[in-house]
Amino acid sequence: MDDEALLERARRGDRDAFGQLVERHQDGLYTMALRMLGRPEDAADVVQETFLRAYVNLPRLQPASVRGWLFRVAVNAGHDIQRRSVRRPTSALEDSEGKILDLPDPALGPEATVEARDRARVVRDAILALPIEYREAVVLRDVNELSYEEMAVALRVPLGTVKSRLSRARAMLATALHGSTALFPASEGHA
Amino acid sequence: MAQHVERLFSEAYDSMLPAAARARFEEHLAGCAQCRAAYDDYRVALFAVAELPAARMPVAVVLPASPPQVEMGAISRWRALLAALRQPRAMAAAAGLAAVGVAAVTIAVRVNHGSNSPTLALGGTSSNTVPAQLFAPNNPNGAAAGGAVPQCSPSAEPGSAPVPSSFANSKVVNDSSRPGEQLVVATERQRYGAGSTVLVYARLVTPHSAAPAYLPCVTLHGPPSSAVSAAPQNASADDFLKGITASPTSAGDVTSAPLLTVTIPPGTPAGTVLHIVAQIPVNVPSTADSTPLVADLTIIVT
C-alpha cells in the first residue's frame, strides 16, 4: 500500500495505518535530521516532533507527496529545535572556538573500517559546515534521495530553485572535499 | 574551460540533462582535461555522501493516545497553548495561556502522604484546601485570587510511587535533554460518563536519589469557546468549566500515589473531549533543565 493510501486510512481513524507510515519513514527522517543537525538526540526529537505534527494535522492533510510533506515538517522541526536549543554555547556543530566537533555517529557501526570511518567523518563534517539552506538541499537529494519534486515540497521552493540551490550546494561540498586524503588517498595518484 | 560546464555538473550527475545538452556536455569533457578532472572529483565527493551509512531511529515514536480532532479551531488553539507552555518561563507560559484564549481550570495537586506532605498549589494557595480555580481571560471574577497569574512550582517528593496498575490510560513524556526523567499523567480509562469522577495520577520521576519524584503542575482544559454548543444547558464554555471540580484524594491501595479527582458535570454531552495536562517547567529539578515537559492526556465523555 502506498503512502497516500495509508494516509487516507489514517485520516479515517486507522491508527495502524499511521503506524505503518511511521515505520516506513522514521529511519529516513532520522538519518536526514542526523546529517542536518549532527546530534543524535536532536535528530530523534525531530522525528518525534514530525510524526506528532503529522498526527495532529491528519484531518486536514491532503499532500500531493506524503514523503515530501513529512520531510518538510521534519525540516521545519529541525529549524525549531535548533532555535530553541539554548543549552549550547554556540551551535550544535561548533565548540566555543568555532571548531567543528567530532561528534559520535550512531550510524557508523563497529564493523566500519578505519578508512570508512575517516571518510564518513570528513564528509559528515563538510556537510555540517555548509550554510543551512545548502545543507538541506544536499542531504535531501544525496543522502535521502528525494526527487526534485519532493524536494520542492520539502523546501517549499519552486523546482528551479531546487536545481540551482542543489547545484550550488554540491559545488561547495565538492570544493570543500577537494584534495581530502580521506577521499583521495595519495597512493591512488590522484591529480 | 572548466567554468563552461561546471554549472551542468549537478544535472549531469542526476542524469537530468536533456539529450542534446548531455551530448554537448560529454563532448566538452572529452576534449577538456580540466573539466574532466573536476567532474571526476565532483562525482567522488557525491559518491562519498551517498555512501554515508543510514541511521536507525533509536527510540520509539510516541503518539497521542487520543485520535486527532477534526475541529480545526480546537486544534489550532490547543497547539497555541502547547507552544505557550513550552516557553522557558512559567510566567510566560501562563501569560501565553491567557493570550490564546483557552479557558482552563487550574487545579492544585496535593500528595496524600499525611498532614506533613508537601503541597503543590498552582493557584498560589498554601492551605490544605485545594480549590479548582477558573483561569479565563474573559472572566476576571474567575481568575486566580487577586488577579495574580498562577505560577507553576512543582514540589519534590520523598518517594516515587509508580503508576497504579489499574491506570490504563496514560501519557509518558521524555526529553533527551533530561536523561532518566519521565513525566507521567494517567487515568484508569479514557472514557467516562457525564457525572462520573475521574481519578488522575501525575508525577515526574527523576534519576536523582535525593529527589526521586516531583509533582507536576496539572491543568484541565475543556471545550474551547467555539464549541459552546457542546456545553450543557446552553451554558457558556466558562460556565461549563466552572462545573468541574477537583480535589486530592486517595483510593484504596493507591494512597501513596499522587492523585486528584475531577468530576465531570452531569449533562455533559457525549463526545466532549477534555485534556489533562501535566507540566514541568524549565529549571526543575535541575537548573540545567532548559526544556519544559508537557504531557497531554485526553479523556472523552461518553
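Me: At roughly what angle do H8(A) and helix H4 (residues 33–51) of chain B cross?
Reply: This is a predicted model, where local features need pLDDT of at least 70, side-chain atom pairs count only at pLDDT 80 or more, and totals for chains, interfaces and linings use all residues. Residues are numbered from 1 along each chain as its sequence is written, with chains lettered from A and ligands numbered from 1 in the order in which they are written. Helices are DSSP runs (H or I, at least four residues), numbered from the N terminus, and axes are lines fitted to C-alpha atoms over the stretch in contact, with angles from 0 to 180 degrees between N-to-C directions. The axes of H8(A) and H4(B) come within 9 Å, and they cross at roughly 95°.

Me: How are H8(A) and H4(B) oriented to each other?
Reply: Angles of 65 to 115 degrees count as roughly perpendicular. H8(A) and H4(B) are therefore roughly perpendicular.

Me: Which residues of H4(B) does H8(A) meet?
Reply: Residues are in contact if their C-beta atoms, placed from the backbone, lie within 7 Å. From H8(A) come Arg170(A), Leu173(A), Ala174(A) and Leu177(A), and they meet Asp41(B), Tyr42(B), Ala45(B) and Leu46(B).

Me: How many residues does each chain give to the contact, and which element gives the largest share on chain A's side?
Reply: Chain A brings 45 residues and chain B brings 34. On the side of chain A that touches chain B, the largest share, nine residues, comes from H3(A).

Me: At what angle do H6(A) and H8(A) pack?
Reply: H6 covers residues 132–143 and H8 residues 159–177 of chain A, and their axes are 8 Å apart. The packing angle is about 95°.

Conventions:
Helix = DSSP H or I, 4+ residues; strand = E, 2+ residues; numbered from the N terminus. Contact = placed C-beta atoms within 7 Å. Parallel < 35°, antiparallel > 145°, perpendicular 65-115°, else oblique.
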